[in-house]
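Trainee: I would like to learn how to read salt bridges in a model. Could you walk me through a case?

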Amino acid sequence: MKALALLLCGACLACATALRAEPYRGPLFDAHLHYNVEAQEPHPLADVLARMQRSGVRAIVANSRPNAGTVGLASALEATRAAGVSVVPFVRLYRNRADYSGWFADESIYQMVLDELARGTPSGPYRGIGEFHLYDSVNADGPVARKLMRLAAERQLVVLAHVDDVAIDKLMAHAPQARLIWAHTGIGGASIERVRELLKRYPTLRGELSYRPGLLDAGGRLSPAWRALLSEQPERFLVGSDTWVNQRWQYYEGLMSEARAWLGDLPPAAAQKIAWGNGAALFGLADLSPPAVDKQVGKLPTAASSP
């Protein structure tokens, strides 16, 4: 009996392994990437582009403290082209760490944003504002927060906001037509029911999934509730790395491999939208279809041969 039990147990384990979903193999759009000042010496441009290329990342939302980091990425036209990476530049609100806590009422921040938008970048105009933080949702009603949301709507800029669910309501009230990417889709732990409610209320709201509590189970696979939501509404979500500290750069390839693993739990069409298609559509990039990607992760077409 023991032998039979062991045999059955082994068979079940083999079946479970066989049924384990294959990782997503297509291109990635990293919709939440920072190239902050403290990252630039240990991770020079050649290093970060190589990490993106090895990870199969074909486009990034670049936002940095200060904005010189983003401008540096956008200026490296030959290097990014050779790596096959498109840079989508955002204006970040932070000149330094002190700006994190008071930007929403600081008129000099608003003027800085206007100046940056007027300058643009070597790769083209800025396409968005953020990432910004609101540690207290009441500050979403600050005078500069209001003005920036309205500016984003007027100029067709996308907003990347690290806020709680209450602040989402407040920000969208200032500019109901604004396109807003909710960083981490509520890192504070908004319930999945609340996420569904906000997605229904605001058609232009999208969720970015780095650091999202409850997204994965202990084995690194999608939790049942999140698998259901992402399968039902794949057009509303994006992936991101959030390289806010240097350790995130050190493990960049691992972060992207983790995303590929849980994307593999989804229907292929849903995975492709979340991994690439939604970001590409939002910013007008080429539709890199799965057949254009080699079956081995990271082995993507060279810049010369890509669509």
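Trainee: How many salt bridges does the count come to here?

Mentor: Start with the general idea. Side chains of opposite charge can pair when their charged atoms come close. This model is predicted. The count comes to 20 salt bridges.

Trainee: Which side chain meets E38 in a salt bridge?

Mentor: That of R65, at 2.7 Å, N to O. E38 sits in the loop between β1 (28–33) and α2 (45–55), and R65 in the loop between β2 (57–62) and α3 (68–75), so the pair ties together parts 27 residues apart in sequence.

Trainee: Is R65 buried or exposed?

Mentor: Buried means under 20% relative accessible area. R65 has 4%, so R65 is buried. E38, at 29%, counts as partly exposed.

Trainee: Where do R95 and D106 lie?

Mentor: Their side chains form a salt bridge of 3.5 Å, N to O. R95 and D106 both lie in the loop between β3 (86–91) and α5 (107–119), so this pair ties together parts 11 residues apart in sequence. R95 is partly exposed at 35% relative accessible area. D106 is partly exposed too, at 25%.

Trainee: What does the salt bridge between D169 and R194 tie together?

Mentor: The N to O distance is 2.8 Å. D169 belongs to helix α7 (residues 165–174) and R194 to helix α8 (residues 192–201), so the pair links parts 25 residues apart in sequence. R194 is buried, with a relative accessible area of 15%.

Trainee: Which residues do salt bridges with shared partners join into one network?

Mentor: D165, D169, R194, E197 and R201.

Conventions. Residues numbered from 1 in each chain as written. Predicted model: local features only at pLDDT ≥ 70, side-chain atom pairs only at ≥ 80, totals over all residues. Heavy atoms only, no water. Salt bridge = Lys/Arg side-chain N within 4 Å of Asp/Glu carboxyl O. Helix = DSSP H or I, 4+ residues; strand = E, 2+ residues; numbered from the N terminus. Buried < 20%, exposed > 50% of the residue type's maximum accessible area, 1.4 Å probe, protein only.
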